[in-house]
Amino acid sequence: MVRLISFLIAVGLAVAGAVWLANHPGEVMVQWLGWRVDTSVPVLLVAAVLLVLVVSLLVRLVLGVLTVPGVIGRFRSRRALKRGLLALAEAESALLTHDAAKAARKAAQAKALLPNQQAAVLIQAEAALLRDDLDGAQTLYEGLLETRSSALAALHGLLALAEKRNDKVLVRDVASRAVAVNERAAWAVRPLFTVLVDAGEWAAAQKTLDLGCKREVFSDAERARLTATLLCAQADAALLRGETHEVARLTKKAVSAAPGFLPAILRHAQSLISDGNGKKAAALLIEPWRTAPHPALAAAYLSLWQGEEPLKRVQHVDALADSNPAHPESCLLAAEAALQAGLWGQARTRLKPLLDRGLHERRLALLMARLEESEHGNTTEALRWYKLAAAWDSQSPVPAALWQCDQCHTPAADWSVHCPTCNTIGSVTATV
């Protein structure tokens, strides 16, 4: 509305001015270089306007001619940019299909055409890594470190290169730099944690683990298990140094960090036993037996009652077995103790639920063979059970190890911080 009113006012003023000039034409005389021109004021004004228009057109024409090279240059630049982006897209596509040669070739074309060459150089480095040109890839990645916008991507590539070389020193250096550049570089946290654990730098490893949990690299459950793992590793080292008080402190902390973590429970129980606190150790071992019986728990529990009379041992074993009476491990453990004490009826009672259940377990057959021999002297029946034990053993062999890696599923003779096969930290868990 304001513009319309302004336009109408301008038109009105122009018309009024034209009418006034028509009513007052006046006369103008121009004399120059022997020439004389007589005209009216309106004609002179029209001529002046035409002159200004002609001069303006000439100036624009000259400027247009002068800018032709720039226009051509801009056209060529846009064309080169378009070709460069196309080559970059083809290089990325080739890289995704593992065609290293094409990726390198197209990346070189893009590098020659694009003003910003970082993306092309990054693809060249990835292609070199793909074809195992590790030195070439390292040179290209290191060149990208100088530019802030490409430094993190370069560190990511260098980390992959270091892991491919199994160069733990380089892994640590690159991962540390990546986390320092950007704490959100989650891909660098786990490798950094691994090399710190390998180096035995427990405080730094725990700090990295906490950071990884914040960045959701580790779940809360994984963090608890790995924290307990680090504490158990420190406790083992302290035990070798004879620092029993430190062992007790670390193992207690490990049990608190991850309740139910069997390695921590076993170590803390052993620490309590060494301190003469058998009652607390027994309570500590019975608790996990309620939900997940394990032979290692039974072995630690039985070590509390070494040297006692068989009948007293039966009472202690029954306390453990009765915390989870239906579990096969409880039945087998209690039957074994009863057999050693000569309590044939009690041993048979403990084994009966397993027989009724039709459990094909080598240990069950061996206990039944011993029971038949000891109670009745029935060698024929005992021989039958021995044959069944051999048959069940061949059909479903008992695992030689009671621990296994969650990642590669390799059995292990005992718990360790790393899996002996795949070297994953905190992956060795109980098999039963």
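Colleague: Is the crossing of H9 and H10 left-handed or right-handed?

Modeller: A crossing is left-handed if the near helix is turned anticlockwise from the far one by less than a right angle, and right-handed if clockwise. Here, H9 crosses H10 in the left-handed sense. Helices are DSSP runs (H or I, at least four residues), numbered from the N terminus. A word on the model: it is predicted, so local features need pLDDT of at least 70 and side-chain atom pairs pLDDT 80 or more, while totals for chains, interfaces and linings use all residues. Residues are numbered from 1 along each chain as its sequence is written, and side-chain values use heavy atoms, without hydrogens and water.

Colleague: Which residues of H9 and H10 make the contact?

Modeller: Contact means heavy atoms within 4.5 Å. H9 brings Val189, Leu192, Phe193, Leu196 and Val197, and H10 brings Trp202, Ala204, Ala205, Thr208, Leu209 and Gly212.

Colleague: How many aromatic pairs does a search of the whole structure find?

Modeller: Rings of Phe, Tyr and Trp (its six-membered ring) pair with centres within 6.5 Å; planes under 30 degrees apart are stacked, over 60 edge-to-face, the rest tilted. The search finds four. One of them joins phenylalanine 193 and phenylalanine 218 edge-to-face, 5.6 Å centre to centre with 65 degrees between the planes. Phenylalanine 193 sits in H9 and phenylalanine 218 in the loop between H10 and H11, 25 residues apart. Both phenylalanine 193 and phenylalanine 218 are buried.

Technical notes: Helix = DSSP H or I, 4+ residues; strand = E, 2+ residues; numbered from the N terminus. Buried < 20%, exposed > 50% of the residue type's maximum accessible area, 1.4 Å probe, protein only.
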